[in-house]
Amino acid sequence: MEREWLFFLIPLVIGVIFLCIGVHGLRLAGALRRTGITAAGRVVRHETRRDHDGAKYYHPVVAWTTRDGRECEHSSRLGRGSTARGFGVGASVTILYDENNPRRFAIQGWDSATVHTVFAVVGTMATAGTVTVLLLLILL
């Protein structure tokens, strides 16, 4: 095993990156759940974005008023391939936002921690699997 261990750096680095993204997202979602403020919002439009393959994703833009009277209008970070039922333009939605930074918000029923959970699980599996194989190669 002279240099073959270098090939294990690729899945290890990818696993660590996925794990970090997942854990970071889950921590932010948890903090928002614990300390966030609930507000009534309205979907005012959808921003459409395309990925590098040309697939179209819709991000609802929600307007609401904070507890201290500030008007906010922000786009969800999570895009979907279609506008889900109940999230069309003009729909009333419930949001949870950070009082100190209203740009950090979640639309109930649209934004979910599932994406971050998948990243954390895949990252954990890739990292643990790669480290296990490397240890077996070193010890045997």
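The model is predicted, so local features need pLDDT of at least 70 and side-chain atom pairs count only at pLDDT 80 or more, while totals for chains, interfaces and linings use all residues. Residues are numbered from 1 along each chain as its sequence is written, and side-chain values use heavy atoms, with hydrogens and water left out.

Start with the sheet. Five strands make up an open sheet in the order S3-S2-S1-S4-S5, with antiparallel pairing. Strands here are DSSP runs of E with at least two residues, helices are runs of H or I with at least four, and both are numbered from the N terminus; two strands pair if DSSP finds at least two bridges between them. Strand S3 (71–75) and strand S5 (105–107) sit at the edges, each pairing on one side only. On average, neighbouring strands of this sheet are turned by 35° against each other, direction ignored.

Next comes helix H1 (residues 9–35), which lies across strand S1 (37–50), S4 and S5 and runs at about 100° to S4. Axes are lines fitted to C-alpha atoms, for helices over the stretch in contact, and angles run from 0 to 180 degrees between N-to-C directions. Contact, here and below, means heavy atoms within 4.5 Å. Several H1 residues are buried, among them Gly15, Gly22 and Leu32; buried means under 20% relative accessible area (1.4 Å probe, protein chains only). The cover over the buried H1 residues includes S4, S5 and helix H2 (114–139).

As for the core, the largest nonpolar one has 14 residues, and those with the most contacts inside it include Trp64, Ile95 and Phe105. Such a core is a set of buried Ala, Val, Leu, Ile, Met, Phe, Trp, Tyr and Cys residues joined through side-chain atoms within 4.5 Å. S1, strand S2 (56–65), S4 and S5 each supply at least two residues of this core. Not counting residues up to four places away in sequence, Trp64 touches Ile95, Tyr97, Pro102 and Phe105, among others.

Finally, Thr66 lies in the loop between S2 and S3. Is Thr66 buried or exposed? With a relative accessible area of 5%, Thr66 is buried. Leaving aside its neighbours within four places in sequence, Thr66 is in contact with Cys72, Tyr97 and Pro102.

Terms used:
Buried means under 20% relative accessible area, exposed over 50%, partly exposed in between (1.4 Å probe, protein chains only).
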